[in-house]
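Q: Could you take me on a close look at the part of this model where the small molecules sit? I'd like to know what surrounds them and what touches them.

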Amino acid sequence: MRHFTSIKQLGNIKEALEAAKYVKANPFADKALGQDKTALLVFFNNSLRTRLSTQKAALNLGMNVMVLDVNQGAWKLETERGVVMDGDKSEHLLEAIPVMGSYADVIGVRSFAQFKSKEDDYNEVILNQFIKYSGKPVFSMEAATRHPLQTFADLLTIEEHKKTARPKVVMTWAPHPKALPQAVPNSFAEGLLMTDYDFVIANPEGYDLAPEFTKGARITHNQDEALEGADFVYAKNWASYEHYGQVLSKDMSWTVTTEKMALTNNAFFLHCLPVRRNMIVSDDVIESPQSLVIPEAANRVVSAQTVLKMILQDL
Ligand code: AN0
Ligand code: CP
């Protein structure tokens, strides 16, 4: 049984990208693979792209799909063991998960970092309970520390647009009003470090990501210096890891503007979306011909379908 919680589980990234290109060119070639198989997509958090693209991917593979929004219409779930359940939570995850497992052949889970406990978030407590108690293959649709389907789509988008074998890819922090998880940047760093691209991370002081995800990457606190000669600019906000979950800065001088893009090698702009305009990126940049945010989002169908196909082949 094959789970998918990290881009590293794809093994050889070049082969995985070739598999993705095949799926993109032949979206209905594996329609028989998913026949009479049911995917259950469980959302603890909001989603537009993941919700739609993963459903589309499953449908392309001939699967049936069920979607559960845990916080809208399902019973409120207790996640801690040993709690006297006399509050507003009617059901425990320890019953809910095997029940869900009994209805599905494959389970996707979206469960963001909650910023209550760094240890619980970084131990992926919710996702791992699905793996332990559902009895079914589980794939991440963004968990506390990683968003591998996003990373896979990001890598495919870079692969499709790169003009040199070893492009310079800069992931830059950018300001945002709320505390956002580190899952997307952690996962992007993990994925980029599987390639031989020139990878640089730029973030303000206090925003260094967990070393387990960035070991081997160049990290700078000077955004302008990082952007120099970049072929791809990947913008993302995240809350502090060191001062866990805190917003230490809303420094608008980190917003990706036309002036910032002028420092690059006519770079392409990437963002996983949803994005706050004129916080993360200016209207001009996201609307420019160099912006790849729409093809990047479209590639989420391809990444999900490639991963679901692998899981189905291993059932
Ligand atoms: C989420 C995040 O930053 O992790 C999801 C991104 C795909 N973004 C927001 O909550 C705005
Ligand atoms: N990029 C992404 O995962 O978007 P959603 O949060 O809308 O699913």
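This is a predicted model: local features need pLDDT of at least 70, side-chain atom pairs count only at pLDDT 80 or more; totals for chains, interfaces and linings use all residues.

A: Let's start with one term: a polar contact is a pair of N or O atoms within 3.5 Å. A polar side-chain atom of T50 lies 2.6 Å from an oxygen atom of ligand 2, so the pair falls within the 3.5 Å cut-off. R110 also reaches ligand 2, with a polar side-chain atom 2.8 Å from one of the ligand's oxygen atoms. For R49, an N or O atom of the side chain is 2.9 Å from an oxygen atom of ligand 2. The protein covers 94% of the 260 Å² of accessible area that ligand 2 has on its own.

Who else is around? The shell of ligand 2 includes S47, L48, H147, Q150, C272, L273 and R300. Sorted by class, this shell holds 3 nonpolar, 4 polar and 3 charged residues.

Now move to ligand 1. E142 has a polar side-chain atom 2.7 Å from an oxygen atom of ligand 1. In the side chain of K236, an N or O atom is 2.7 Å from an oxygen atom of ligand 1. Here the protein covers 82% of the 330 Å² of accessible area that ligand 1 has on its own.

Definitions and conventions: Residues are numbered from 1 along each chain as its sequence is written. Chains are lettered from A and ligands numbered from 1 in the order in which they are written. Side-chain values use heavy atoms; hydrogens and water are left out. A residue is near a molecule or strand if one of its heavy atoms lies within 4 Å of it. A polar contact is a pair of N or O atoms within 3.5 Å; within protein, one must be able to donate a hydrogen and the other to accept it, and residues adjacent in sequence count only if both atoms are side-chain atoms. Accessible areas come from the Shrake-Rupley method with a 1.4 Å probe; for residues, only the protein chains shown count as cover. Ala, Val, Leu, Ile, Met, Phe, Trp, Tyr, Cys and Pro count as nonpolar, Asp, Glu, Lys and Arg as charged, and the others, Gly among them, as polar.
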